[in-house]
Amino acid sequence: MPNSFLLISHLPIIPPTHTTPRHVSPRMSLNNNQTPKPPNPSSLLTSLPKLLWGPSLPPGLLISTVRTAWHSTWQLMMSQLAPSDSSGSYSRPTSKFRHVATTQFSRQNLHLYVGLPCPWAHRTLIVRNLKGLEETIPVSIASPGQDGSWEFKSSSIPGLDKDTLIPGKDNANGCKNLKEVYGLRRGGYNGRSTVPMLWDVQNKEVVCNESYDIIELFNSGLNGLASNPGLDLSPLELKGRIEEWNRVIYPNVNNGVYRCGFAQSQGAYDTAVSELFCTLDMLDDHLGRSRYLCGGTLTLADICLFTTLIRFDLVYNVLFKCTKKKLLEYSNLHAYMRDLYQIPKVAATCNFTAIMDGYYKTLFPLNPGSIQPVMPSGCEHEALWRPHNRESLSSTESKYVQVQ
C-alpha cells in the first residue's frame with residue numbers, strides 16, 4: 001500500500017454533508033463513450049484536510065485519531081527496521097557469516113560488496129585502500145532501495161572527484177539486488193542480506209559479512225595480494241589496547257548512535273544518549289594528548305571510530321537525535337577526524353551525497369517526508385582539509401605516510 005494512504009486508512013468515516021438530488025441520474029455526468037476515471041490521489045489528499053477540519057469532525061478528535069494511528073504504524077515499521085528488546089532499546093542482529101582461520105575460500109577470487117551509507121561497509125573500503133587491495137579485490141557498490149534492500153543500479157553524482165566511489169552495477173554476478181547474490185550460494189539463503197559482504201567468486205559462496213572480520217583479513221591475511229603489505233593496522237604489541245578501545249567504542253559510539261536513533265522508548269533513548277556523549281567527552285580528552293587512540297600508530301580501532309565520526313554531524317546529530325553537541329564542538333575529536341580524512345586514499349571512500357541520500361531518503365520511519373537537510377558547512381570537503389596540527393602528538397611517525 002502506498003505510504004500516502006497509510007494514514008488515510010485509519011481515519012474515521014465522515015458522513016457526507018450533502019446528497020445527490022434524486023432527479024439527477026448518476027449516468028448523466030458521464031460521457032457515454034468513456035469509462036469513469038479513478039479518483040486522483042493528489043486531489044484526494046488536497047481536499048481531505050478541508051473536509052476533515054470542517055464541522056463534521058472536531059480537530060481534537062482528528063489529532064488524537066491520527067496520532068494513535070501513526071504511532072501504531074511507526075512501531076510496526078520500527079520492529080522491522082530495528083528490532084528492540086522489552087525496554088525499547090535497539091538490539092542489533094548478529095552477523096550470519098563469520099570468517100574464521102579454517103574457512104576455505106579462494107583468496108585469488110574475492111569480491112567485496114558494500115553500500116556507501118553504511119559505516120560498517122566503509123571500514124572495509126578504507127582498509128582495502130590503505131593496504132593496496134583495490135586491484136586484487138574488486139568492489140560492487142549497492143544503493144539502498146525504497147523497501148530497505150540493497151539494489152544495484154547505475155548512478156551519476158555531479159561534482160564529485162573522479163576517484164570518489166559511487167554506486168553502480170553488480171560487477172561479479174550481474175544481480176539486481178544483494179538478496180539475489182546471497183541466494184546464489186550453495187543451499188541458498190533467505191536471511192538478512194547485509195553489507196559489507198565478502199564473496200568467493202570461484203566457489204560462489206559468502207566468505208564473511210562481519211565487518212571487523214573482513215578488515216582483519218584485509219590487514220594481515222592477504223599480504224600476498226596487497227601492494228602495501230608493510231602497513232600493519234593491528235600490530236601484535238597493540239592488539240590488547242585495540243580490543244580495549246573496541247569494547248568501549250562499539251557499544252557506546254558505533255552502535256550507540258543507532259541506539260539513540262532507533263530507541264522505541266524515552267528511557268532507552270535517555271540511556272543511549274548519555275552513554276554516547278560521556279564516551280565522546282572521554283575520547284575528546286584522550287585525543288588531546290594522543291594523536292591516535294593507541295598513541296602514534298594508526299590502528300583498526302581508529303578506522304572503526306572514524307566511520308562513525310565522519311557521519312556524525314552529517315546524519316546522526318539530526319536524524320538520530322544525537323543533538324547534545326555537534327562533533328564540530330569537540331576540538332580534539334574534530335581535528336582527529338580531519339587527520340584521518342586527510343590520509344591518502346581515505347577521502348575517496350567518503351561520498352557524502354550518497355551517505356545523506358541513504359539515510360534521509362530511505363529511513364522512512366525516522367523521516368517520513370524524505371526531506372534532506374542542507375549539508376553542514378563543517379562536513380564539506382574544503383572544511384575537512386583544514387590543517388589539523390596533530391603531528392606534534394605523535395611520539396613516532398605513523399606508517400600511513402608510506403601509502404601511495
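The model is predicted, so local features need pLDDT of at least 70 and side-chain atom pairs count only at pLDDT 80 or more, while totals for chains, interfaces and linings use all residues. Residues are numbered from 1 along each chain as its sequence is written, and side-chain values use heavy atoms, with hydrogens and water left out. The secondary structure comes to 12 helices and five strands; helices (H or I, at least four residues) and strands (E, at least two) are DSSP runs, numbered from the N terminus.

**Overall architecture**

- Of the 404 residues in the chain, 49% are buried, where buried means under 20% relative accessible area, exposed over 50% and partly exposed in between (1.4 Å probe, protein chains only).
- Among contacts in the chain with a separation of 6 or more, 73% are between residues 24 or more positions apart; contact means heavy atoms within 4.5 Å.

- Helix α8 covers residues 266-286, and its 21 residues should span 30 Å at 1.5 Å a residue, which agrees with the 30 Å between its end C-alpha atoms. The expected span of a helix is 1.5 Å times one less than its number of residues.
- Buried residues of α8 include Ala268, Tyr269, Ala272, Val273, Leu276, Phe277 and Leu280.
- The buried residues of this helix pack against α6 (239-254), α7 (256-261), α9 (300-319) and α10 (331-341).

**Nonpolar core**

- The largest nonpolar core has 104 residues, of which Leu280 and Phe320 touch the most other members. Helix α9 gives the most to this core, with 13 residues.
- A nonpolar core is a set of buried Ala, Val, Leu, Ile, Met, Phe, Trp, Tyr and Cys residues joined through side-chain atoms within 4.5 Å.
- In soluble globular proteins, nonpolar side chains tend to be buried together.
- Apart from neighbours within four places in sequence, Phe320 is in contact with Val257, Tyr258, Cys260, Gly261, Phe262, Val315, Tyr359, Leu363 and Leu366.

**Aromatic pairs and a charge over a ring**

- Rings of Phe, Tyr and Trp (its six-membered ring) pair if their centres lie within 6.5 Å; planes under 30 degrees apart count as stacked, over 60 as edge-to-face and the rest as tilted. The count by this rule comes to 16 aromatic pairs.
- Phe320 and Tyr359 form an edge-to-face pair, because their ring centres are 5.9 Å apart and their planes lie at 75 degrees. This pair links distant parts of the chain, with Phe320 in the loop between α9 and α10 and Tyr359 in helix α11 (residues 352-360), 39 residues apart. Both Phe320 and Tyr359 are buried.
- Tyr341 and Trp385 are also edge-to-face, at 6.2 Å centre to centre and 70 degrees between the planes. Tyr341 lies in helix α10 and Trp385 in the segment after α12 (381-384), 44 residues apart.
- Tyr341 counts as buried at 2% relative accessibility, whereas Trp385 is partly exposed at 39%.
- Ring pairs link Trp120, Tyr250, Tyr258, Phe262, Tyr316, Phe320 and Tyr359 into a cluster.
- Lys325 lies over the face of Tyr330, at 3.9 Å from the ring centre. A charge sits over a ring if NZ of Lys or CZ of Arg is within 6 Å of the ring centre and within 35 degrees of the ring normal.

- Asn254, in helix α6, is buried with a relative accessible area of 3%. Its side chain makes a polar contact with the side chain of Arg123 (3.3 Å) and reaches the backbone oxygen of Cys304 at 3.0 Å.
- Asn129, in helix α3 (residues 119-130), is buried at 9% relative accessible area. A polar atom of the Asn129 side chain lies 3.1 Å from the backbone oxygen of Lys345. The C-alpha atoms of Asn129 and Ala348 are separated by 9.2 Å, although these residues are 219 apart along the chain.
- Gln342, in the loop between α10 and α11, is buried with a relative accessible area of 18%. A polar atom of the Gln342 side chain lies 2.9 Å from the backbone oxygen of Arg386. Not counting residues up to four places away in sequence, Gln342 touches Leu384, Trp385, Arg386 and His388.

Note on methods. Polar contact = N/O pair within 3.5 Å; in protein donor to acceptor, adjacent residues only side chain to side chain.
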